[in-house]
Amino acid sequence: MNKTKRETATRTKQDKNTIEIKPEAKRTVSERARRRTVASINPRAYEKERIWWLRRKHWGEWAEMQFQSRASLHGLVVSKPWGETARYDFLVDSEGRVSRVQVKSTAHRRPNGHYMIYTTQRVGNKPGLPRKMYTKDQIDFFAYYLLPEDTWYIVPVNIRGTTGAIIDPRDPASCYAPYREAWRLLKQ
C-alpha cells in the first residue's frame, strides 16, 4: 500500500488539474476563476465556464426584454443605448421626463424565501474581478425582477444596500414593499 514519492507527486499534480463540475449556483467566484486558469490544461472546463457566462448573459438580456415589455404596457417610452458602455440599461421617457434605469434580475430564492440581487457592476467579464457601485450621477432607478414571482420592483438608486438588495416578496413590512410594481415612480 506504500506509494512512492513520485506516484504521490504525479497524483497530486493530476488532482490539481482535474476540475469537479458543479451546478452553477453552487460554484464560488474563486472556483470559477480557478477554472479559467486551467483552460490551457483542460479546454473542456474552459468551455463549460464560457457556456455558464453566455447562459448568465442570456438571462440578463431576457430580463431586459421583459422590462421593455412591461414598461410599454404602463405607457412608458423605452430606449436602449447603443453598445454596452453606458452604466444604465434603458432610458425611460414619460411625458418628457427621462429616467436612467438599470435592470437586475434573479431566479434564485434563498432557503429562507428571500431573493438577493447584487447592485454592483463587475469590472470586466471575469469572475473574481472587483465590482463598482452605481451612483446617483449614473442611474436614477433600479428595476429588480424576481423571475419565479414574475414581480418587478422599481427602486430609486439611493434606496438600496451597499452591494445588494435582499427582497422578501411575502413580507408587506419589507423596506422594498412600497416599490413593488411601482411603475408610477417612472412617471413622476
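Modeller: Let us start with Lys 80, which is partly exposed because its relative accessible area is 43%, and please keep in mind throughout that this is a predicted model.

Biologist: Which residue does the side chain of Lys 80 meet in a salt bridge?

Modeller: As a general idea, side chains of opposite charge can pair when their charged atoms come close. In this case the side chain of Lys 80 meets that of Glu 64 in a salt bridge, with 3.2 Å from N to O. The pair links distant parts of the chain, since Lys 80 sits in the loop between strand 1 and strand 2 while Glu 64 belongs to helix 3, 16 residues apart.

Biologist: Is Glu 64 buried or exposed?

Modeller: Glu 64 counts as buried, because its relative accessibility is 15% and the cut-off for buried is under 20%. Leaving aside neighbours within four places in sequence, Glu 64 is in contact with Lys 80, Asp 89, Phe 90 and Val 103.

Biologist: How many salt bridges does the structure hold, and which residue forms one with Asp 150?

Modeller: The structure holds 7 salt bridges. Asp 150 forms one of them with Arg 70, and the closest N and O atoms of this pair are 3.0 Å apart. Here too the pair links distant parts of the chain, with Asp 150 in the loop between strand 7 and strand 8 and Arg 70 in helix 3, 80 residues apart. Asp 150 counts as partly exposed at 40% relative accessibility, whereas Arg 70 counts as buried at 18%.

Biologist: Where does Glu 181 lie, and why does its pair with Arg 70 tie together separate parts of the chain?

Modeller: The side chains of Glu 181 and Arg 70 meet in a salt bridge, at 3.5 Å from N to O. Glu 181 lies in the segment after strand 9 and Arg 70 in helix 3, so the pair ties together parts that are 111 residues apart in sequence. Glu 181 counts as partly exposed, with a relative accessibility of 30%. Elsewhere, Arg 109, Glu 149, Asp 168 and Arg 170 are linked in a network of salt bridges.

Biologist: Turning to the strands, in what order do they form the open sheet?

Modeller: In general, strands of a sheet pair through backbone hydrogen bonds, either parallel or antiparallel. In this model 5 strands form an open sheet in the order 1-2-3-7-8, and the pairing is mixed. Strand 1 (77-79) and strand 8 (151-156) are the edge strands, each of which pairs on one side only. Neighbouring strands of this sheet are turned by 30° against each other on average, direction ignored. Strand 7 (residues 141-146) pairs with strand 8 in the antiparallel sense over 6 bridges, and Phe 142 stands opposite Val 155 in strand 8.

Biologist: Which residues touch the most other members of the largest nonpolar core?

Modeller: The general idea is that, in soluble globular proteins, nonpolar side chains tend to be buried together. The largest nonpolar core has 32 residues, of which Phe 67, Tyr 144, Ile 154, Ile 167, Trp 183 and Leu 186 touch the most other members. The elements that give two or more residues to this core include helix 3 (43-73), strand 3 (97-106) and strand 9 (164-167), and strand 7 gives the most, with 6 residues. Beyond four places in sequence, Tyr 144 touches residues including Lys 104, Trp 152, Arg 160 and Tyr 176.

Technical notes:
Residues are numbered from 1 along each chain as its sequence is written. This is a predicted model: local features need pLDDT of at least 70, side-chain atom pairs count only at pLDDT 80 or more; totals for chains, interfaces and linings use all residues. Side-chain values use heavy atoms; hydrogens and water are left out. Two strands pair if DSSP finds at least two bridges between them. Helices (H or I, at least four residues) and strands (E, at least two) are DSSP runs, numbered from the N terminus. Axes are lines fitted to C-alpha atoms, for helices over the stretch in contact, and angles run from 0 to 180 degrees between N-to-C directions. A nonpolar core is a set of buried Ala, Val, Leu, Ile, Met, Phe, Trp, Tyr and Cys residues joined through side-chain atoms within 4.5 Å. Buried means under 20% relative accessible area, exposed over 50%, partly exposed in between (1.4 Å probe, protein chains only). Contact means heavy atoms within 4.5 Å. A salt bridge is a side-chain nitrogen of Lys or Arg within 4 Å of a carboxyl oxygen of Asp or Glu.
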